[in-house]
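Here are my notes from a pass through this one.

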Amino acid sequence: MEQQPVLDVIGVTKRYGPSRGVQDVSFRVRRGEVVGLLGPNGAGKTTTLRVITGYLPASSGRVQIDGHDLWDEPFEVRRRVGYLPDNPPLYPEMTVWEYLSFMADIHEVPRARRAARIEEIAERLELTDVLGRLVGRLSRGYRQRVGLAQAVVHEPPLLVCDEPTVGLDPHQVVEMRELIRSFSKEHAVLFSSHVLSEVQLLCNNIVIIHGGRVQAQGSPAELTSHLHGGLARVRVRVKAAADEAAEALRGLDGVSGVGVEEEAAAAGGVARLLVEGGGGTTADDLTDRISVALAGRGWPVRELRVLENTLEELFLELTETEKAEKAQAARAAKAAAAGGKEGAG
């Protein structure tokens, strides 16, 4: 039986006057998952998170959290969300203890449970030694930990983090990622970022958003499996004439295409080729056949490397395709407008 989602976003659209911030956004997050909302700056990530957390009303669509609908039960939904925005809502004149106590009160943590919960979360986030210090005198890394502490102090089913590693040094970035991953054991976690490597390292599932629309979603393996038609690709560097090597490889069983990336003469006598498999040929089968064929010709092989499909390739493919389509539509509209003026003249 499939686990029910903690967060269910259904066809959410947010309009700002005549323009749309996001359009028809849908995805789910289950307990135990870290789902990454990935997109460039201005893609609609923060708008989506603000709608989910109730800071912005959706123009249409539904958001359900832990079985409660944001439109029908806004207060019940907000009780079930912990939100770490890109700029945490900190009060610099308070001590860390005072601030977390204040946030626990706002989130209706029972008074009898409050002190124990603050101590518990402070120990987990390594804040115990700074509980008596003013928030405004903490380093950026500690302030971000305090922001995370306020987001989980009331033990919400859903934790939402908007670009939580921005401004942190590399060591702090690693620590923050590990902390967020650890919270996925008790919470469903929605994590937004424009950093591809970060999302790929941290998230079980990824939602790619661009231009306010969901372009693709799934696990990293699912998302990249469809690139290049799902074909295995192998880069070959061989000491031989490029055209001869290419011709020899094109005749192999399971090879659908061979491209010359660099001629032998230009590369000191070593040609570089890109070989694509076909007909369900695996990468292992393809490399075996290539190595046997080249060895049989007596050509020294300098490199034989399977090319992994990457999230970066997919991201660029999706975003560049949309950019090209928009440019084409703009040119068509401009041409139509110019034609209309000529007709009127």
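1. Helix α5 is a handy place to start: it lies across strands β6 and β7 (158-162). Its direction is at about 165° to that of β6, and an angle over 145 degrees counts as roughly antiparallel. Bear in mind throughout that this is a predicted model.

2. Now look at what α5 does with its helical partner. The axes of α5 (residues 140-152) and α6 (residues 170-183) come within 11 Å and cross at roughly 10°. The cut-off for roughly parallel is under 35 degrees, so α5 and α6 are roughly parallel to each other.

3. Which residues make that contact? From α5 you have Gly 141, Gln 144, Arg 145, Leu 148 and Val 152, and they meet Gln 172, Glu 175, Met 176, Leu 179 and Phe 183 of α6. By type, the residues in the contact between α5 and α6 split into five nonpolar, three polar and two charged.

4. On to the sheet under discussion. It is open and has six strands, in the order β6-β7-β8-β3-β9-β10, and the pairing is mixed. β6 (81-84) and β10 (213-218) are the edge strands, each pairing on one side only. Ignoring direction, neighbouring strands here are turned by 15° against each other on average.

5. Within that order, have a look at the pair β3 and β8. Strand β3 (residues 34-38) pairs with strand β8 (residues 188-193) in the parallel sense, over five bridges.

6. Helix α3 (residues 96-106) has a set of buried residues: Val 96, Tyr 99, Leu 100, Met 103 and Ala 104. Why do they sit on the same side of α3? Because the arc they cover around the axis is only 135°. These buried residues pack against α4 (111-124) and against α5, the helix that also meets α6.

7. Last, Asp 285, which is in helix α10 (residues 283-296). Its relative accessibility is 34%, so Asp 285 counts as partly exposed; buried would need under 20% and exposed over 50%. How far is Asp 285 from Asp 24 in sequence and in space? The two are 261 residues apart along the chain and 42 Å apart, C-alpha to C-alpha.

Conventions:
Residues are numbered from 1 along each chain as its sequence is written. This is a predicted model: local features need pLDDT of at least 70, side-chain atom pairs count only at pLDDT 80 or more; totals for chains, interfaces and linings use all residues. Side-chain values use heavy atoms; hydrogens and water are left out. Helices (H or I, at least four residues) and strands (E, at least two) are DSSP runs, numbered from the N terminus. Buried means under 20% relative accessible area, exposed over 50%, partly exposed in between (1.4 Å probe, protein chains only). Axes are lines fitted to C-alpha atoms, for helices over the stretch in contact, and angles run from 0 to 180 degrees between N-to-C directions. Angles under 35 degrees count as roughly parallel, over 145 as roughly antiparallel, 65 to 115 as roughly perpendicular and the rest as oblique. Contact means heavy atoms within 4.5 Å. Ala, Val, Leu, Ile, Met, Phe, Trp, Tyr, Cys and Pro count as nonpolar, Asp, Glu, Lys and Arg as charged, and the others, Gly among them, as polar. The arc is that of the directions from the helix axis to the C-beta atoms. Two strands pair if DSSP finds at least two bridges between them.
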